[in-house]
Amino acid sequence: MRISVIGCGYLGAVHAACMAELGHDVVGVDVDESKVAELAAGRAPFFEPGLPEVLARGVASGRLRFTTDMAETAGARVHFVAVGTPQTAGSHAADLRYVDAAVGGLLPHLSDGDLVVGKSTVPVGTAARLGDLVRASSGADLAWNPEFLREGFAVADTLSPDRFVYGVPGGEGGERATALLDEVYAGPLAAGMPRLVTDYATAELVKVSANAFLATKISFINAMAEIAEATGADVTQLADAIGHDARIGRRFLNAGLGFGGGCLPKDIRAFQARADELGLESLAFLADVDAVNLRRRRRVVDLAVELLGEVEGARVAVLGVAFKPDSDDVRDSPALDVARALHGLGAQVVVYDPQAAGTAAKLAPELAYAADLEEALAGADVVLLLTEWQQFRQLDPAVVGALVAHRRIVDARNVLALPAWRHAGFEARGLGRP
Ligand code: UGA
């Protein structure tokens, strides 16, 4: 099938490449010329395991191309809208200007029977408004098909998601939209992936409520970490113990520096803003979810200050600056926040991250970036493990101890065995661990 994908950021670039991988003929459209040039050459403009291979295969096969020209969407049957919905400056609401521009830009190129498919995360009510616009201006229709991919697993999550959700209009339009989406996803559906067909509002809500639930789960365990810190309990053992209850489950119960990234923080805020607009108090608890999450960042800064005594001029080795491992994304990164706060207090912060130094340096040029782990650790007065890259999980206290000036470490992701570090002469702190 001929497919267009509008917006070639994280979501769109992965989606376009994966649709070509499924055998479709795909054109990706983006306003950013340098991004389009990279993608057209079969190169990923950001770090995502597995993406370079899928992109290169798609481009080499001739099934995948990229352009800045919206007119090249003409002739495609299904048009995915995968642009960003960032937080509006000065408010918590989602900024829909890119979604509106993408759908507006598509309108002149749509033909009878085409389907516009929203993938962006939007406030409930958006699909109904855009569906009316698309139907009034063309013979095309609109569906909402939220995306659940995780960075670091984006290709696998797109090709074999936990489920497909199609938000479709009522009546025949809905049947046609469902049939077209079934054709797009025929491969994964044949492999048994579940698929749920809903109305627009439900599909929009599935996405934001899934992210709100995940954020709540993380802040729940981080709230338990605060209690553990006040009582001498160990939150990692607590998580293991409650996680054995299948109704609770152990995944997303890792206490630590909390959540960041381009989705969870802004999505819970936009969801609250939408509930406020609807005059509902239902999501008031998400303000606490956000507050617990941000308190963990302050806690790590406080622990570093406590260990250092004198912060001014102290050398701080920051291990990991991406918002999570296997990503070079630093949007709302808890690690970057902590690094900047300590720099603001006068510390000499040296960051090492296996992938994210380049993206971090653009946002925080005031920090120093080491070329390798040893350089970051050399002469450090305190080591902060802020993003749990595999390389850091395997750190050897003896090796680290030989490089640093003072044996002090904060494990803000609770991945190190603290007794071994203490045995090696480190003052070692975790979050929610004695
Ligand atoms: C999240 C969702 O997990 C995806 O399902 C969703 O599609 C995506 O947002 C989106 O809306 O596009 P992602 O932002 O890639 O995916 O990251 P997650 O793996 O959810 O991690 C989010 C943050 O939570 C990270 O900073 C991570 O370090 C933190 N986290 C995660 C914890 O602090 N503890 C945990 O137990 C798990």
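Buried means under 20% relative accessible area, exposed over 50%, and partly exposed in between (1.4 Å probe, protein chains only). The legends below describe a predicted model, in which local features need pLDDT of at least 70 and side-chain atom pairs count only at pLDDT 80 or more, while totals for chains, interfaces and linings use all residues. Residues are numbered from 1 along each chain as its sequence is written, and side-chain values use heavy atoms, with hydrogens and water left out.

View 1. Asp 132 is partly exposed, at 49% relative accessibility. Arg 135 is also partly exposed, with a relative accessible area of 32%. The two residues form a salt bridge with closest N and O atoms 3.3 Å apart; the term denotes a side-chain nitrogen of Lys or Arg within 4 Å of a carboxyl oxygen of Asp or Glu. Both belong to helix 5 and are three residues apart, about one turn of the helix. Helices (H or I, at least four residues) and strands (E, at least two) are DSSP runs, numbered from the N terminus.

View 2. Domain 1 covers 2-198 and domain 2 covers 199-434, with bounds from an automatic or database domain assignment. Their C-alpha centres are 32 Å apart. The contact takes 37 residues from domain 1 and 28 residues from domain 2, contact meaning heavy atoms within 4.5 Å. About 2500 Å² is buried between the domains, 60% of it from carbon and sulfur atoms; this is the accessible area (1.4 Å probe) that two parts lose on being put together, summed over both. Phe 47, Val 124 and Glu 151 supply 29% of the area that domain 1 buries against domain 2, more than any other three residues.

View 3. The rule finds 15 residue pairs in polar contact between domain 1 and domain 2 (both at pLDDT 80 or more). A polar contact is a pair of N or O atoms within 3.5 Å; within protein, one must be able to donate a hydrogen and the other to accept it, and residues adjacent in sequence count only if both atoms are side-chain atoms. Helix 5 gives the most to the side of domain 1 that touches domain 2, with five residues. One salt bridge is found across this interface. Arg 331 and Glu 151 form a salt bridge at 3.2 Å, N to O. Arg 331 also pairs with Asp 329, at 2.7 Å between the closest N and O atoms. Arg 331 is partly exposed at 40% relative accessibility, whereas Asp 329 is buried at 7%.

**View 4. Asp 290 and Arg 269.** The side chains of Asp 290 and Arg 269 meet in a salt bridge of 2.8 Å, N to O. This pair links distant parts of the chain, with Asp 290 in helix 12 (residues 285-308) and Arg 269 in helix 11, 21 residues apart. Both Asp 290 and Arg 269 are buried.

**View 5. Asp 326 in a loop.** Asp 326 lies between strand 9 (315-319) and helix 13 (334-344). Asp 326 is partly exposed, at 35% relative accessibility. Leaving aside residues up to four places away in sequence, Asp 326 touches Phe 47, Pro 49, Gly 152 and Trp 389.
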